[in-house]
Amino acid sequence: MSTKLLNQTRFLASPILGCKVHKEAINVCQKILQQKPIDWKPIFRNNLSQPIHNVDLVVTVGGDGTLLQASHFLDDSIPVLGLNSDPTQAEEVEKFSNEFDATRSTGYLCAATVKNFEQVLDGFLEDQIVPSKLSRISVSVNSKVLPTCALNDILIAHPCPATVSRFSFKIRGDDETCSPLVNCRSSGLRISTAAGSTAAMHSAGGFPMPILSRDLQYMVREPISQGPAISRLMHGLIKSDQSMDASWFSKEGFIYFDGSHVFHTIQNGDTIEISSKAPVLQVVLPHLST
């Protein structure tokens, strides 16, 4: 079995401590991998530029952000195991609550820490731990499928946060039935997967979804009110057998994938199709590896 170790340099609230903890986590992982009958290769996440092939497992060392970036280079055939290199310490958060935010890495999608990495890795190698298949978001612009799939969410918005975004959307079923057309003026449109429903979507007032759900959740951000009949359509679900058809009416706009680093530009008149029909991602999840 060949395994690829993906790592990164990470800075936290205390840069020196955060960097030290992260480097120690990388060293621990490498020592454990050296003891296993597997071939592996380290690579920094910023050096990723091509799809990952010909490996049996990708291990990400960092937090959810590292795993999300790796996911953009993976199809549905290669599982990923996330190691949270600097998990939040509850006692630190409480101790410094009146001075600063001591929260470190949430690691919601990371199944391992330094303490249990070998145990989780062995469980995977011995087929005792089976990766879960998480939905991703497929996006097409003007009928052309974009190469990036989102594991957490996408945000469609004007590049200037103070500028109103103008767009419309409707939900279309595989049987071609459609919801009413919704015309929006707002600060953008966010669509999340089940895995991403506990992140920005939840912070904005959305609801957590069962992580293995194939549905997507959408929310219009800060809509300019158009009455109760339309307001109820500003937040809802795109079922697994449905797509969202959107049209963009601002001069410029971006589609952001899993944060701000990966994006696609759009312009007035572009049509956008969003669905969960993207290839799934195999992820070793925390609650299934303990």
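**Rings and strands, term by term**

Reader: Why is Phe254 called buried?

Author: This is a predicted model, and in it Phe254 has 18% relative accessibility. Buried means under 20%, so Phe254 counts as buried.

Reader: And Phe263, what makes that one partly exposed?

Author: Its relative accessibility comes to 43%. The label covers values between 20% and 50%, so Phe263 counts as partly exposed.

Reader: How many aromatic pairs are there by the ring rule?

Author: The count is five aromatic pairs.

Reader: Why is the pair of Phe254 and Phe263 called stacked?

Author: Start with the ring centres, which are 4.8 Å apart; pairing needs them within 6.5 Å. Then the planes: they stand at 15°, and under 30 degrees counts as stacked. So stacked it is for Phe254 and Phe263.

Reader: Which residues do ring pairs link into a cluster?

Author: Phe254, Tyr256 and Phe263.

Reader: On to the strands. What makes strand 8 and strand 11 a pair?

Author: DSSP has to find at least two bridges, and four join strand 8 (residues 153-157) to strand 11 (residues 188-192). So they pair, and they run antiparallel. As one example, Ile154 has Ile191 in strand 11 as its bridge partner.

Reader: What is the strand order in the open sheet?

Author: Six strands, in the order 13-12-11-8-15-16, with antiparallel pairing.

Reader: Why do strand 13 and strand 16 stand at the edges?

Author: Strand 13 (235-238) and strand 16 (262-267) each have a single partner strand, so one side of each lacks a neighbour in the sheet. From one strand to the next, the twist averages 20°.

Notes:
Residues are numbered from 1 along each chain as its sequence is written. This is a predicted model: local features need pLDDT of at least 70, side-chain atom pairs count only at pLDDT 80 or more; totals for chains, interfaces and linings use all residues. Side-chain values use heavy atoms; hydrogens and water are left out. Helices (H or I, at least four residues) and strands (E, at least two) are DSSP runs, numbered from the N terminus. Axes are lines fitted to C-alpha atoms, for helices over the stretch in contact, and angles run from 0 to 180 degrees between N-to-C directions. Rings of Phe, Tyr and Trp (its six-membered ring) pair if their centres lie within 6.5 Å; planes under 30 degrees apart count as stacked, over 60 as edge-to-face and the rest as tilted. Buried means under 20% relative accessible area, exposed over 50%, partly exposed in between (1.4 Å probe, protein chains only).
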